[in-house]
There are 2 protein chains.
Amino acid sequence: MTNHRYVYFFGNGRADGTREMKALLGGKGANLAEMTNIGVPVPPGFTMTCELCAIYLKQQTYPQELRDEVAINLQRLEEVSGKAFGDAENPLLVSVRSGGAVSMPGMMETILNLVLNDITVEGLARNSGNARFAFDSYRRFLQMYGDVVLNVPIQKFEHLLEAKRLTQGVINDSDLNEKSLRTLVEEYKLLVRHAVGREFPMDPVEQLWGATEAVWRSWMLKKAVDYRRVNGIPDDIGTAVNVVAMVFGNMGDDSGTGVAFTRDPSTGERAFYGEFLVNAQGEDVVAGIRTPLRIERMSELLPDAYAELMQTQLALETHFRDMQDLEFTVERGKLYLLQTRNGKRTAAAALRIARDMVDEGLITTHEAVMRIPAHQLDQLLHPVIDSGQRAPVICKGLPASPGAASGIAVFDADTAEQRANRGDSVILVRDETTPEDFHGMVVARAVLTSRGGMTSHAAVVCRGMGKCAVVGVQNMSVDAEARYFRVGDTTVREGEWITVDGATGNVYLGELQTVPSEVMRVINGTARPDQAPTYLAFRQVLEWADDSRRLRVRANADTPKDARIARAFGAEGIGLCRTEHMFFEGDRINAVREMILAHDEMGRRRALAKLLPMQRSDFEAIFEAMNGFPVNIRLLDPPLHEFLPHGGEETKMLARQLGVSREELLRVVDALRETNPMLGHRGARLLVTYPEITEMQSRAIFEAAVRAKRRGIVVKPEIMVPLIMSAKELSHQRAIIEDVARQVLGAMGEPIDYQIGTMIELPRAALTASAIAEVAEYFSFGTNDLTQTTLGLSRDDAGKFLPLYVEYGMLPDDPFQVLDQEGVGKLIRIAMESGRKTRPGMKAGICGEHGGDPKSIAFVHRTGLDYVSCSPFRVPIARLAAGQAALDV
Amino acid sequence: MTNHRYVYFFGNGRADGTREMKALLGGKGANLAEMTNIGVPVPPGFTMTCELCAIYLKQQTYPQELRDEVAINLQRLEEVSGKAFGDAENPLLVSVRSGGAVSMPGMMETILNLVLNDITVEGLARNSGNARFAFDSYRRFLQMYGDVVLNVPIQKFEHLLEAKRLTQGVINDSDLNEKSLRTLVEEYKLLVRHAVGREFPMDPVEQLWGATEAVWRSWMLKKAVDYRRVNGIPDDIGTAVNVVAMVFGNMGDDSGTGVAFTRDPSTGERAFYGEFLVNAQGEDVVAGIRTPLRIERMSELLPDAYAELMQTQLALETHFRDMQDLEFTVERGKLYLLQTRNGKRTAAAALRIARDMVDEGLITTHEAVMRIPAHQLDQLLHPVIDSGQRAPVICKGLPASPGAASGIAVFDADTAEQRANRGDSVILVRDETTPEDFHGMVVARAVLTSRGGMTSHAAVVCRGMGKCAVVGVQNMSVDAEARYFRVGDTTVREGEWITVDGATGNVYLGELQTVPSEVMRVINGTARPDQAPTYLAFRQVLEWADDSRRLRVRANADTPKDARIARAFGAEGIGLCRTEHMFFEGDRINAVREMILAHDEMGRRRALAKLLPMQRSDFEAIFEAMNGFPVNIRLLDPPLHEFLPHGGEETKMLARQLGVSREELLRVVDALRETNPMLGHRGARLLVTYPEITEMQSRAIFEAAVRAKRRGIVVKPEIMVPLIMSAKELSHQRAIIEDVARQVLGAMGEPIDYQIGTMIELPRAALTASAIAEVAEYFSFGTNDLTQTTLGLSRDDAGKFLPLYVEYGMLPDDPFQVLDQEGVGKLIRIAMESGRKTRPGMKAGICGEHGGDPKSIAFVHRTGLDYVSCSPFRVPIARLAAGQAALDV
């Protein structure tokens, strides 16, 4: 280990490191080295590698040879800067900053103004010509170091500071004079002595090592650990420590400091964008005590530095080939860059910058595709709260489905429908939603629930419809009978206005204005593409992604309307058409309920005959919307009790409607109740016990296909049997479907190419895929249910413990959002391998929630499936993610 | 196909077939051939192979060459018998009988007395010297052939017969004289002509083929198909057809017929055992019109034939090396064997016969082990209804747990306890049971439920306790509030006596005497082994099985009492000790409920502290009972709501007891309610959220182990975490357990060897077994839950469709009774392979219901696991099945 290098120097136009060394030097350190190398003015300094952090945290000490290396580099720093470490006359001051390979803004410690002590503070006072500034810096340093390194509670420093303000009769710290600050410095030192039991360290080297170790330790601060967990950053990569010569933007009116972006981070427009302050330090810009100026003003106030900054920012963007986020300081007219990094940006900006940089020849189309965080495309599709309004946030839930909407609160689906029919905007508020609420959800502007997670019924259905939803609001109690909800001290009654922001999870009291996004205005036909710059970039980048991707992208769409939206977003077919969703529309539910309550097959057939024409016309319209593309229709899946009312009043009404006694109806409802409905009488199990349902649905599909075909539409029906657990079960259903096909297509004299496939959504189906593939022409992995069964995890009940599992790292992600590759993914691989052994090249796709998740899409690509299917509003995400998966080799 | 042989002849001491040809000739045909070959007197005949049945059913016709083959064999038969087919003087009569490779008693057609027609009947009358007999035979033949071959409804024949009795003024058919029978024959022929539209066939060859095709068709009779389904007999093997020369036991007082067993089929005693009738045909013995005589009487009545029969039966048993079930006929003093086959027998007889035959040098100990149907050992352990009593059967349910018991009906657990404390024998009658009923189940003699299947709570718990249970009685309604149950017209109120037979599923009104079985009397110490012949054979055969088996057999036992019973049955440790079952005893449930209702960790710890000493003393007693054997203890598994009351009255009482408001309690109960509790907050998920439970339970285990060890007991604790889905989850729990171990064992200064393992009961656990094996020292496959998740099948809800799936062959067996090898078994193989790759030689076992099922045990053996664990009363079954698995190579 003796020849191992731990420290990398930069300064005077040459650096030991380069931008390629991010893993070793952290993002900040690598870019400081790179800037130095390409001639950008950067204060000199050195970087201790990330590796040291891991060593220190493991061994509670650092390698002995590091002390020598640091000593050598301090010496180089003194040479380059012409100042001396701890010197009384011309003291070299440094900052000690963390900087990992992945940015963790604000999560870790930084200590400025080392080495200040009783001697160097006088030198600083002299050199700056401002003793007040020097002692204020010293006071701040004592406080920062005392808190971070010595663990003296920050409040104790604050108390002394406040006492000083009181005795001096001033309001702001900045009004304390030099003398007060000098006294305060002495009081701070006394405080430290009492708290720690020894003097505040005056020794420069001790200060440096104290600060360095504190930075390392801060890697394990709870907030940092949490941040890494949430953002999927590994725990063992550690942070680098950057020791950089201090430069001061507060040395007078020829000094200043600022932050800037090389392009507009919210729109992506090509315009230098930033803020700065004259005679100030970085923290003043952040703290907001003085209002920063727009960067353009710098051309008047610090013209030379501005000119150099403009040149530099252009050079940096060209060099780094991406939009840069800069920090700079001007010390007595001289510009120093303190940091550069790729700037964070909105989805709109990301698209526009990527597209423009391709036009400018800076990057390739492949790079453009790879640069857009696919999941952010969501932002572009949903209504937004018109900016500049203010209203109280009354609570916050999970941002289950993006967009924003205002409306009056209503507490049941029927009321939602009545009020919506009267022209009211309504927001449906429930403890949780069930399929019975569907008609209310359709008319509502948004859905708000107190229970459920990101994959609850409300969340899934709303995302499917592209409707805003906030779910799982803790401490919110909904009283649907009394028609109000409470949260904290606030009570919202039926008819009161609220606004829900599905992008943030915020719920506001009152009506806030929302507007459709630019992209949606084009999709709706209310805006012209050529006047929609974001839309144009969106379309362009997606086309580039399309050029690269191998995966097809289909949509989960249950109605003709959804199918049309899906097409507008570029869906290449329907991957999942859930026929049961059609059952809830209008008075269809009555026929469904009549079927459930029938005493025998004849009765069921009578009721099914009523549903046939309705399903047929829906299918015909869906075939029309998907002209030329495949439409994969799943036969009835949910347990029958989902179609029956559970409430008292509704039961009474239904009994009257169907002409049965209330007791009889309750008996049926009771008999259908299940201990674990997820694992109960549903899917193929219903179709096996009531094959007449399969018959009716197949008939509707084939008749619709023939009618559409006769109208010149190219139909590609696929019929899919849900919840299969054995090949023979599928054979049973296949025989019925084929029988109906022969009858219908024979009678109508119109051949139709169709395929029969199956959902793979039970582990046993995946494990016996080889036999199932003999009967199925394609597989559609129902990853929602496959996740529930593989992990033994009910998505309706997991809310109590699943967050803990993700937090503790017991599961890498929420498996309902990101496909669980180790478990569910392994089953998918097993099924694909054995299925394709039986039926070479067999078509396969996934159609769960995961079909719209970029990480999951990458897995699907690698595993060799043919397509993903997701809700219409996630089609753009899937197109982009599929392109990225293909390019990420 | 021309050289293919379809017909096998036997007669005159030589046969084309042998006993080895069962698959080709069926059991009956192969044994007729064998008997012929070894010189046993058998009427001559020939067998058409099973293959023909399959061909006929598929093609609706038979191979043309068969007609020639049959013609040749008929000729041989005429030669050997000295009679001629269809001859007027000396007619050859034959029977046409089915006979498959596997016996299906009474399921298929047989037609006797071919060829009778208007001509041969006269010959028969002359030769028998009994015209009445000849015409009665003819009448019967017309009826049988008309029904079976010509499909004339049997009732029509019966009507004519009844009319004849009325006009003749007689009561029994046997009182009809020759003349009446002659007229009846003419009437029957007329009936056939009108019904079929043509004459009854008089042609001998047409009769033969008609009968043969009818036998083939009868393979597809509903009752035959059902029988095959229930008994797992393949559909495609078909039946052979045996054409055998008729011999008549009703030719006078020197004739007779009978059935006999070479040993007593109910006790296994070595004594020739049978019944016979003089001057009678086989069907008379079966019909029960005349009371048959004990076989010993034959020595007086037909002394020569008896002597030959005694010789023959000995020869047959020696030749077939198994107890034989014989049919014989004596025609005019000459003995004919019509059939021999291995005799059906009770479990007691099977054991005794096998043991005796080893002693006699007839078979090897391995053969003895292989001969006992392992699942039948159950019969030997449970109380039996004392024979010779009669009472009305009021209903029949599933025989969920064997044994028989009488008691007064009670309708809730508390009443059960009260009445039992008063000394009453009680039978707990419920719609279904829950863990709350446990204390009532413990004191009840039997449990009777209207719902649930073979793996419902009542069934599983009762089998575990070796307590009689009948579950899922259709059409039984239980009104627990009003305290009665109804079934049909019968109402049984609280306090009325009923008797439940868990071996048959019968429920009787009134009290029937029951007695413990012989084996149980020895186990209980109320009988001496040397006076218990069945017990001795049982013990001997199990010891032979033990000599062969590789698998260890453990028991699922939750209490010290269960542990002691398990040891008495030869369990080699405990494979599953469900700690939560201890939570329901006495007032422990209060502490459990207090824990659940606690507002914070402190409150939970207070309640857990009360449970600690109780669990500790239980564990200590279990360690004592299992001295020297491993005890595998599972930490808390079920969801918390199982410990809370759901009823109104009980909730009120509990609220008072715990000093909380009823609303508060209801709120907690409500908050714990889950949509799919099977996939909810339970197992490791509870232990992760409430690690203090793990701490308390581990502490109780280690403290108990130390105390037991200090008393000289050899303790081998294994601690198992349930419902693990990821390795890190297990690490979390392992750290807690190890921490407690260090504290307890350190403080008490007593080292204890212990192991930490996990249940593999979720597909994800099996799929990630490689990582889990890094943390787990052993795997215990929880095949109940693994079946539920792998098949997506709730065992509480599957009753509505699962029987259909088994009936349709969509699943090979009920997966909750026989391990699903294709699905669940595949996961077990994956887990074993990858787990042992990580941890070579790692110990593994299964502990679900399947641990006591012979087919599943064979799979476990083949898959290389180390042990099975089952309820104490199934330990003998498992020992035997494990021995058989090892021998079945």
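**Close-up views of a predicted two-chain model**

View 1. A224(A) is buried, with a relative accessible area of 0% (buried means under 20% relative accessible area, exposed over 50%, and partly exposed in between, using a 1.4 Å probe and protein chains only). Its place is in helix α9 of chain A, residues 222–231 (helices are DSSP runs of H or I with at least four residues, strands are runs of E with at least two, and both are numbered from the N terminus). Skipping neighbours within four places in sequence, A224(A) is in contact with M104(A), M107(A), M108(A), S218(A) and W219(A) (contact means heavy atoms within 4.5 Å).

Residues are numbered from 1 along each chain as its sequence is written, chains are lettered from A and ligands numbered from 1 in the order in which they are written, and side-chain values use heavy atoms, leaving out hydrogens and water.

**View 2. Chain A as a whole.** The mean pLDDT of chain A is 91, and 97% of its residues reach 70 or more (pLDDT is the predictor's confidence in each residue, from 0 to 100). Chain A has 34 helices and 34 strands, and 58% of its 889 residues count as buried. Its C-alpha trace spans about 105 × 60 × 55 Å along the principal axes.

**View 3. Where chain B meets chain A.** Here 49 residues of chain B are in contact with 49 residues of chain A. About 4400 Å² is buried between the two chains, and carbon and sulfur atoms give 60% of that (buried area is the accessible area, with a 1.4 Å probe, that two parts lose on being put together, summed over both). L679(B), R764(B) and L767(B) supply 15% of the area that chain B buries against chain A, more than any other three residues. The predictor gives the complex an ipTM of 0.81 and a pTM of 0.82.

**View 4. Salt bridges across the chains.** There are 4 salt bridges between chain B and chain A (a salt bridge is a side-chain nitrogen of Lys or Arg within 4 Å of a carboxyl oxygen of Asp or Glu). In one of them, D820(B) pairs with R764(A), the closest N and O atoms being 2.6 Å apart. E822(A) and R764(B) also meet, at 3.9 Å from N to O. That pair runs from helix α32 of chain A to helix α28 of chain B. E822(A) is partly exposed at 44% relative accessible area, whereas R764(B) is buried at 1%.

View 5. The side chains of E580(B) and R634(B) form a salt bridge of 2.7 Å, N to O. E580(B) lies in the loop between β28 and α21 of chain B and R634(B) in strand β29, so the pair ties together parts that are 54 residues apart in sequence. E580(B) is buried at 5% relative accessible area, and R634(B) is buried at 7%. D637(B) forms a salt bridge with R634(B) too, with the closest N and O atoms 3.8 Å apart.

Methods. Predicted model: local features only at pLDDT ≥ 70, side-chain atom pairs only at ≥ 80, totals over all residues.
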